[in-house]
Amino acid sequence: MQKNTNAFYGDTIKLLIAFFLIVTISSCATCKYGFKDTAPIPEEVKTFRVNYLENKATYVNPQLSPQLTEKLKQKIINTTRLRQTNSDDAHYDISGYVSQYYTSTVGITGNQPATNRLTVGFHLIFKNTLQPDGKKDIEADLTRTFDFPSSQTLPQAESALNTQIISNIVDEIFNKIFANW
């Protein structure tokens, strides 16, 4: 009888410990936290416009420009208090174009290519129309690279990497404009 009682208490203690761990973990999982992505936007800035982000690269991925344009608009809407407008008097006017889009071999195994790299370059033009002196304007070239196996064709790699390409370029543009990095 003594062995069954010890086993019962041992199992009960293990269950209680497991219960408290689950409660502790689940209560932490419901905690809210956040990161402030943007530097303080001046109070007088109310609107933004994202012009169509063209693709002027030698090789044109037809999906890239429209997706970059829409994702950048959504990122600004979802992350800032600014209101989107299509008028010429937007406080922040954002434009630019895909300037580079090419592949190169970066890894070789034996005498065969093993890894290829897709390089995507973007030329950003940002105008703060409330600062006519141009001190807050930005013109910059941004570049991101994406590696993929040489066994994939470029269309296969584009299909696999598309979400990552769009997300990374949009983040790069957004951070250049809105964050103090």
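Strands β4 (residues 92-109) and β5 (residues 112-128) run antiparallel and are joined by 16 bridges. Strands here are DSSP runs of E of at least two residues, helices are runs of H or I of at least four residues, and both are numbered from the N terminus; two strands are taken to pair if DSSP finds at least two bridges between them. The coordinates are those of a predicted model, in which local features need pLDDT of at least 70 and side-chain atom pairs count only at pLDDT 80 or more, while totals for chains, interfaces and linings use all residues. Residues are numbered from 1 along each chain as its sequence is written, and side-chain values use heavy atoms, with hydrogens and water left out.

Tyr92 has Asn128 of β5 as its bridge partner. The two strands form a hairpin with two residues between them, and Gly110 in the turn has a positive phi of about 65°. Strand β4 also pairs with β1 (residues 47-50), in the parallel sense and over three bridges; here Arg49 is partnered by Asp93 of β4. Strand β2 (residues 54-55) runs parallel to β4 and is joined to β4 by two bridges, with Tyr97 of β4 as the bridge partner of Glu54.

Within β5, Leu124 is buried (under 20% relative accessible area, against over 50% for exposed and in between for partly exposed; 1.4 Å probe, protein chains only), because its relative accessibility is 0%. Contacts of Leu124 (heavy atoms within 4.5 Å) beyond four places in sequence include Ile94, Ser95, Ile138, Glu139, Ile173 and Ile177. The C-alpha atoms of Leu124 and Glu139 are separated by 5.5 Å, the two residues being 15 apart along the chain. Ile169 lies in helix α3 (residues 154-178) and is buried, with a relative accessible area of 2%. Not counting residues up to four places away, Ile169 touches Leu68, Val120, Phe122 and Arg144. Ile169 and Val98 are 71 residues apart in sequence, with a C-alpha to C-alpha distance of 9.9 Å.

A search of the whole structure finds six salt bridges, each defined by a side-chain nitrogen of Lys or Arg within 4 Å of a carboxyl oxygen of Asp or Glu. Arg49 and Asp88 form one of them, at 2.7 Å from N to O. This pair links distant parts of the chain, 39 residues apart: Arg49 is in β1 and Asp88 in the loop between β3 (83-84) and β4. Arg49 is buried at 12% relative accessibility, whereas Asp88 is exposed at 68%. Arg49, Asp88 and Asp93 are linked in a network of salt bridges.

In helix α2 (residues 64-79), Glu70 and Lys73 are separated by about one helical turn, because they are three residues apart. Their closest N and O atoms are 3.3 Å apart, in a salt bridge. Glu70 is partly exposed at 41%, and Lys73 is buried at 13%. Lys75 and Asp171 also meet in a salt bridge, at 3.1 Å from N to O. Lys75 lies in α2 and Asp171 in α3, so this pair ties together parts 96 residues apart in sequence. Asp171 is partly exposed, with a relative accessible area of 26%.

Mean pLDDT (the predictor's confidence in each residue, from 0 to 100) is 85 for the protein, and 80% of its residues reach 70 or more. Confidence is highest in β1, at a mean of 98, and lowest in helix α1 (residues 2-29), at 59. Over residues 29-37 pLDDT stays under 50, and the model has four contacts beyond four places in sequence for this segment.
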